[in-house]
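Hi there,

Here is the structure I promised to pass on to you. Have a look at it first, and then read my notes below.

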Amino acid sequence: MMLATTGRVLDQLRHDHRSVALMLVVPALLLTAVYFLYENETVPPGAPRTFDRVGLMMLAIFPFVVMFLVTSITMLRERTSGTLERLLTTPIHKTDLLFGYGLAFSLMAALQSLVATGVAYWVFGLEIKGSPGLVVMIAVVNAVLGVALGLLCSAFARTEFQAVQFMLVVVVPQILLCGLFVARDRMNEVLEAVSNVLPLTFSVDALKEIAGHAEATDVLWQDTGIMAAIVLAVLVLASLTLRRRTA
């Protein structure tokens, strides 16, 4: 039943060209904008470019934001149109249904991350010590995190406008506190404590490990494992929001 749900969602996406374009093209275009922001930067010989640091972080942040937005709006449409309620009248388990949606969007997230990472490496010449494969792995996990949070937040929105507003509550604080703009050890104690438990923080820390080490480190695998556990926990919480009868 989970695979059947996955197939149905993928078939819907196949006919929704705008959503596919949003997921696959927009992160690459945003990454292009970031590259040209630093195009005229003067870098001393042997010094890393700012793009190599910021662009690497964007490979996690852009998929996270886009997949949260697409997933929350798509799931909200399923709820408000009655499609979700009709599905729940069948013997399908709520967990199978949610994980089916999660798997479908995760496959799109993987393709999205491959496209964005390919653009970063082979178009803009991203240079870091770690393997591109590890970067793709973190980007995919981060995009799946956006999927899971989007599925959860869709339960608390009544309109698409409200779904978008959840970005201000769920997504933007994580971007501000993940360590991209200010090192977390330079924040005040309250903000640092909050940043230490935000999912996006583990993603940024994992990418920093990849950037600074040629081989995968224990810290990298620890951060990846924490992110995966958070994704599973959020998907389970999202399944609890499904009701077989709407009010």
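Let's start with how helices are compared: axes are lines fitted to C-alpha atoms, for helices over the stretch in contact, and angles run from 0 to 180 degrees between N-to-C directions. Helices themselves are DSSP runs (H or I, at least four residues), numbered from the N terminus. This is a predicted model, in which local features need pLDDT of at least 70, side-chain atom pairs count only at pLDDT 80 or more, and totals for chains, interfaces and linings use all residues. Residues are numbered from 1 along each chain as its sequence is written, and side-chain values use heavy atoms, with hydrogens and water left out.

Helix 7 (residues 132-153) and helix 10 (residues 199-212) have axes that come within 10 Å and cross at roughly 175°. That makes the two helices roughly antiparallel (angles over 145 degrees). In their contact (heavy atoms within 4.5 Å), Leu134, Val135, Ile138, Asn142 and Leu145 of helix 7 meet residues of helix 10 including Pro199, Leu200 and Ile210. Nine of the contact residues are nonpolar, two are polar and none is charged. Here Ala, Val, Leu, Ile, Met, Phe, Trp, Tyr, Cys and Pro count as nonpolar, Asp, Glu, Lys and Arg as charged, and the others, Gly among them, as polar.

Helix 2 and helix 3 pack at an angle of about 40°, with axes 4 Å apart. Ala21, Leu22, Met23 and Leu24 in helix 2 meet Val26, Pro27 and Ala28 in helix 3. This contact has seven nonpolar residues, with no polar and no charged ones.

Now for the rings, which pair if the centres of Phe, Tyr or Trp rings (the six-membered ring for Trp) lie within 6.5 Å; planes over 60 degrees apart count as edge-to-face. The count comes to six aromatic pairs. One of them is Phe36 with Phe124, edge-to-face at 6.4 Å centre to centre and 80° between the planes. Phe36 sits in helix 3 (residues 26-37) and Phe124 in the loop between helix 6 (94-122) and helix 7, 88 residues apart.

Enjoy exploring!

Terms used: Parallel < 35°, antiparallel > 145°, perpendicular 65-115°, else oblique. Phe/Tyr/Trp six-rings, centres within 6.5 Å; stacked < 30°, edge-to-face > 60°.
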